Amino acid sequence: MNRIFDNTEIAFSLKSDSELERAYFLFKMISIEPLVRIGTAATNFAIKAHLPIEGLIRSTVFDHFCGGVNEEDCLPVIDKMYQKGVSSVLDYSVEAKENENEFDAAMEKVLKIIDFAKALDAIPFAVFKPTGFGRFYLFEKLGRGEALNADEQEEWNNVVNRFDTVCKKGKENDVAVLIDAEESWMQDETDNLVTAMMKKYNQEKPIVFNTLQMYRHDRLAFLKDQHNDAKVGKYHLGYKLVRGAYLENENERAEEKGYKSPICKNKAETDANFNAAVKYMLDNLDCMSLFAGTHNEESSYLLMQLMNEKGIVNNDERVWFGQLYGMSDHISFNLANKGYNVAKYIPFGPVKDVMPYLIRRAEENTSIAGQTGRELALLSKEKKRRKLL
Ligand SMILES: Cc1cc2nc3c(=O)[nH]c(=O)nc-3n(C[C@H](O)[C@H](O)[C@H](O)COP(=O)(O)OP(=O)(O)OC[C@H]3O[C@@H](n4cnc5c(N)ncnc54)[C@H](O)[C@@H]3O)c2cc1C
């Protein structure tokens, strides 16, 4: 496959010289692990102590990885990216909420985003996180097969209603809805609920998309089972394929509680599993749509190559590539330049509420060997090309 991702002129065409310098500085900082560790602790403390650090966070990590504090703030970014062929998925990234009002507010946000998406071609999907709509504990308890008490059952009915309200609105407005995956010990109940939504709303085409974390060794078999059920039930499947973001938590919990970790033995096994799922889904596009959420170049090239071999046109509406805003622009913008469907998740929300998301990004960039180094090498190449060095 032609190595299109090496083109940094296309990759960073939206970045001014100063934005390029800022991105370089930022990745340089988060490549230093002790700095991220100390920075994370200091930031958590400062937020709890109400110290005035929001300005500092905004002008550094926040502006790089987020579109703004509300959806309107994100519009200029959405517009600019769409001019280069890159679509947006507005991600209300407020996490770890615990009460009914906050869950309702999160649902209202997603409903509003579906209205946005209906009006704007630049937003092809809505997205939400299951624990944005209900307490983690409820998903976990049901997943263990335990009965809920009367109060919990009432709470759970609200969770189901929130899922249903969003998926129904997605269907009515022809806006697909991506549902994120989280820790494995709450995922079973998410899967049950999302599968029920697919049965209800994916009769004609995939509107509801679940997420498969391919670092789990059981997910390929799960995908095949779901495929068999969908054939019998005559509905479509939509899946976002990712490798998975909770590796450390998963392995630590499994060790602590003494069960076999659900995670693949090593990175190579995860890679093989991810690529096998890409292939399986492409072989079955008659009843499936694929959203490949990855920053991995080889998996992205593989998907391009398989599409080519199968005669699937670059902009086939059943195949999407996805990256996160602030990361892997070399993949997103070069793919869009070749006419592929690409969407970037744009997180937004009040600064203190998106901190868990930002910390995950900083830690991920620190811990995954290669990713930060790759961003730095590409930014540096572009700085040289622009004669900024
Ligand atoms: C658009 C988009 C949406 C996303 N949505 C979700 C979501 O809903 N849920 C979610 O959990 N994550 C989500 N992610 C994050 C994703 O799961 C990955 O953490 C992240 O993208 C890094 O993986 P990669 O494929 O980009 O690349 P790579 O850098 O090639 O892979 C890194 C990943 O490989 C896996 N890995 C690393 N080391 C090992 C090891 N020793 N053994 C086994 N596996 C290993 C881990 O999953 C790690 O994150 C999303 C990512 C994107 C781009």
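**Inside the fold: cysteines and the largest cavity**

Reply: Happy to! Please keep in mind that this is a predicted model. Let's begin with a cysteine: C287 counts as buried, at 12% relative accessibility. The cysteine sulfur closest to that of C287 belongs to C167, and the two are 19 Å apart, which is too far for a bond. A disulfide needs the two sulfur atoms within 2.5 Å, and by this rule the structure has zero disulfides. Another cysteine, C264, is buried too, with a relative accessible area of 7%.

The structure holds one cavity of 30 Å³ or more, and the largest cavity contains about 40 Å³ of space. Its lining is made up of F12, K15, A23, F27, H64, G326, M327, S328, D329, E375 and L379. Two elements, α2 (17-30) and α17 (371-385), each give two or more residues to this lining.

F12 and F27 are among the lining residues, and they count as nonpolar. K15, D329 and E375 also line the cavity, and these count as charged.

The domains are worth a look as well. Domain 1 (1-66 + 354-389) and domain 2 (67-348) each supply at least three residues to the lining of the largest cavity.

Note on methods: Residues are numbered from 1 along each chain as its sequence is written. This is a predicted model: local features need pLDDT of at least 70, side-chain atom pairs count only at pLDDT 80 or more; totals for chains, interfaces and linings use all residues. Side-chain values use heavy atoms; hydrogens and water are left out. Buried means under 20% relative accessible area, exposed over 50%, partly exposed in between (1.4 Å probe, protein chains only). On a 1 Å grid over the protein atoms alone, a cavity is a set of points where a 1.4 Å probe fits but cannot get out, and a pocket is an open set with protein on both sides within 12 Å along at least five of seven lines; lining residues have an atom within 4 Å of a point. Grid points are joined across faces, edges and corners, and a volume is the space filled by probe spheres set on the points. Helices (H or I, at least four residues) and strands (E, at least two) are DSSP runs, numbered from the N terminus. Domain bounds come from an automatic or database domain assignment.
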